[in-house]
Amino acid sequence: ETIKVKTPSKSYPVFIGRNATNSLPEFIREHFSQVGKILIITDEKVAGLHLHTVKELLSGIGIPILDYVVPEGEHAKTFDVFFACQSYALSQNLNRKSMIIALGGGAVGDLAGFVAATFMRGIPFIQVPTTLLSHDSAVGGKVAINHPQGKNMIGVFHQPEAVFFDLSFLETLPPRELRSGFAEVVKEALIQDPGFYSWLFANVTRLDTLTEEQLLHMIKRGIEIKAAIVEEDEKETGVRAYLNLGHTLGHAIEGLAGYGKFSHGEAVMIGTIFALHLSRKKLQLDIDLEGFIDWARGLGYETEIHEGLNKTDILSFMKRDKKVISDIVTFVLLEKVGSPKMANISDSEIMDNLSVIYRKN
Ligand code: NAD
Ligand code: ZN
């Protein structure tokens, strides 16, 4: 399966399928035969699992392949690691004719993309996502590292030359990471496609028994939705912000619980429940919220947080989020499934409604 992403700055293909990376050598030979060196950036875990496969695939193309292994997860998205990547690239004499391959989840993709965007004012890169979540992050060209004062605070837009989503890499993914990525699929369905949402709700009742066909369908549809939104609004001045459904509160939970306690998607799922609750109250969204919560719980998500995370901290965290313009917190809500809308919610309304996601005991 191939999806074409057409943004004002670049058009590029997304190849999806079992062994999609088999066509990577040919793609490079066809489009990047002038490339002098290729640097694969990956993390410690993915290096142990899949780096040899990719290196072997590329061994015949007659271009020197280097690799640089960074720490896992958010530890990859630091200024120190970013700087170390640049130092490595310089020490290996990479230049403007070099190319970078990001092999890993969203963290590696964000880091490697930012390295590519800034090395000698920008060199091409290819995304080879290895988590379900990175079907979302690998498309759209947002690349960034974190600052101690906030996630993704240092970054640019730099579109990849291509994305190769190889389903075989997902076989080694832990259940928790699958759950993290699935929350983004649900988000995409909720903001854009009622039919897809109904399909997910009816067919996905467990994440450990997903068939390859189901995975392919959800990744393909998820990427199509993401691509359509990014095509319309590459730099997030409008509709792209709808992709933040569940993220205003999700980021706060993720950050305040301590990174690692909730995966990104697990926090986003709780944020989504809150957004659906607000949507029902403010926009008369017609949804069986209790049914949604039961569904999420059945899939292994936490649907509530405990008192240790207090409401005041959550509110101030949301106010520091870069998506907040002025002092009012903006949420993505739904008028209908498939019809998102931005809404400013006052502090007191947030505080009152937050109780819906607190454990009752
Ligand atoms: P990740 O890269 O941290 O991967 C999660 C974990 O899974 C890591 O420990 C990693 O080593 C491991 N892993 C990766 N592939 C594996 C495989 N095939 N088998 C076994 N283990 C594997 O993160 P993620 O969850 O993919 O993405 C989260 C990141 O993506 C966040 O930093 C977030 O900010 C970013 N993000 C960016 C965008 C964007 O538009 N740029 C969108 C959404 C999220
Ligand atoms: Zn997200």
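Biologist: Over residues 68-179, what percentage of the chain is helix and what percentage is strand?

Modeller: Helices (H or I, at least four residues) and strands (E, at least two) are DSSP runs, numbered from the N terminus. Over residues 68-179 the chain is 31% helix and 29% strand, with 28 Å between the end C-alpha atoms. The model is predicted: local features need pLDDT of at least 70 and side-chain atom pairs count only at pLDDT 80 or more, while totals for chains, interfaces and linings use all residues. Residues are numbered from 1 along each chain as its sequence is written, and chains are lettered from A and ligands numbered from 1 in the order in which they are written.

Biologist: In which sense do strands S1 and S2 pair?

Modeller: Two strands pair if DSSP finds at least two bridges between them. Strand S1 (residues 2-6) pairs with strand S2 (residues 11-17) in the antiparallel sense over five bridges. Four residues lie between S1 and S2 in this hairpin, and lysine 4 stands opposite proline 13 in S2.

Biologist: Over how many bridges do S2 and strand S9 pair?

Modeller: S2 and S9 (residues 162-166) pair in the parallel sense over four bridges. Glycine 17 has aspartate 166 in S9 as its bridge partner.

Biologist: Into which domains is the chain divided?

Modeller: Domain bounds come from an automatic or database domain assignment. Here they give domain 1 (2-172) and domain 2 (175-198 + 233-357). Their centres, taken over C-alpha atoms, are separated by 29 Å. The contact (C-beta atoms, placed from the backbone, within 7 Å) takes 13 residues from domain 1 and 14 residues from domain 2.

Definitions and conventions. Contact = placed C-beta atoms within 7 Å.
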